[in-house]
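Thank you all for coming; I would like to take a few minutes to walk through one model with you. Please have the sequence and the structure open while I talk.

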Amino acid sequence: MVPSLSRARRPWRSILPEQTDVRQALEAQRKAEHAFVERVLSNEKAPVGWPAALLLFHVGMWRERMRNVLASMSEGKDYERQPPNTDEFNDAELVRGIGTPLADAASRADHLTTELIDLYEKVGERPIDWNEAKTTTVAVLRNSYTHPRLHLFEYYQENDQPDTAIKLFEDAVSEMNTAEAPDFVMGTVLYNLATVRAQQDRKDEALGLLGEAIQHRADSKSTAAGDSDFATLRDDPKFQEMVKP
């Protein structure tokens, strides 16, 4: 069992965005992606869902967009905003990635991680208009940590490797706590682990994690109220009290 490591268990204080160690966070995700590639190289045959190469192609394409945004900002230029209909946009773009070799997709995603780290350290913490992200720190972490980690989690879950999937979410809480991630990102990883604990029927842990997630992201309350991942908690008075408007 991995204990909850959120700062919410300490005397609560807001962590300033500039304190976030983005390099440390992205290096942790890089390590997870390297392990993912090593694992699938030895056992991927007929995967459920996206093949590993297509998954990393997708991750790389979104990293490239964020790289371009930071590059424009570093030059004092305006930047291209996130596409408005991401589902349709992704569907069209994924067609281009079919047949991409895993080694190529993995190498590109890895190289873009390096470029993002360097550009973020040049640009620093700034306001940004990128969907839900309002700062460069949150945008980069969502783009290149929580987004690819969710895809890796889903791949492992769909392909009968639940322990590996769960460890990704457990590690995410620890890694984001250590990196002193902004509340938006910290709330996301706590929420994700809470859903896992609920599905494992570890109710007390799930409730504790969800409570911490709500402290970091108030919108977690309304999300949890309608989330089928919390079905095992639906009749629990503590859960009902936690998510009531």
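Predicted model: local features only at pLDDT ≥ 70, side-chain atom pairs only at ≥ 80, totals over all residues.

Let me begin with N131, which counts as partly exposed because its relative accessible area is 44%, a value that falls between the limits of 20% and 50%. N131 sits in the loop between β1, residues 127-130, and β2, residues 133-135, and its phi is near 55°, a positive value in a residue other than glycine. As a reminder, most residues other than glycine have a negative phi.

With a relative accessibility of 23%, E180 is partly exposed.

Moving on to the helices, how far apart are the end C-alpha atoms of helix α1? They are 32 Å apart, which agrees with the 32 Å that the 22 residues of α1, residues 22-43, should span at 1.5 Å a residue. The buried residues of α1 include V22, A25, L26, Q29, F36, V37 and V40, and the partners against which the buried residues of this helix pack are α2 (52-74), α4 (102-123), α5 (136-158) and α6 (162-178).

The largest pocket holds about 850 Å³ of space, and 33 residues line it, with E132, R142, T146, H147 and L150 closest to its centre. At least two lining residues come from each of α2, α3 (86-97), α5, α7 (183-199) and α9 (220-225). Sorted by class, this lining comprises 15 polar, 10 nonpolar and eight charged residues.

The second largest pocket, by contrast, has about 240 Å³ of space, and the elements that give two or more residues to its lining are α1, α5 and α6. Among the lining residues are A28, K31 and R39, together with R149, Y156, K167, D171 and E175. Here the division is six charged, five nonpolar and one polar.

I will finish with S220, which is found in helix α9. Is S220 buried or exposed? It is buried, because its relative accessibility is 5%, and the cut-off for that class is under 20%. Leaving aside residues up to four places away in sequence, S220 touches Y191, A213 and I214.

Terms used
Residues numbered from 1 in each chain as written. Heavy atoms only, no water. Helix = DSSP H or I, 4+ residues; strand = E, 2+ residues; numbered from the N terminus. Expected span 1.5 Å × (residues − 1). Buried < 20%, exposed > 50% of the residue type's maximum accessible area, 1.4 Å probe, protein only. Contact = heavy atoms within 4.5 Å. 1 Å grid on protein atoms, 1.4 Å probe; cavity = no way out; pocket = protein on both sides within 12 Å on 5 of 7 lines; lining within 4 Å. Points joined across faces, edges and corners; volume = space filled by probe spheres on them. Nonpolar A, V, L, I, M, F, W, Y, C, P; charged D, E, K, R; others polar.
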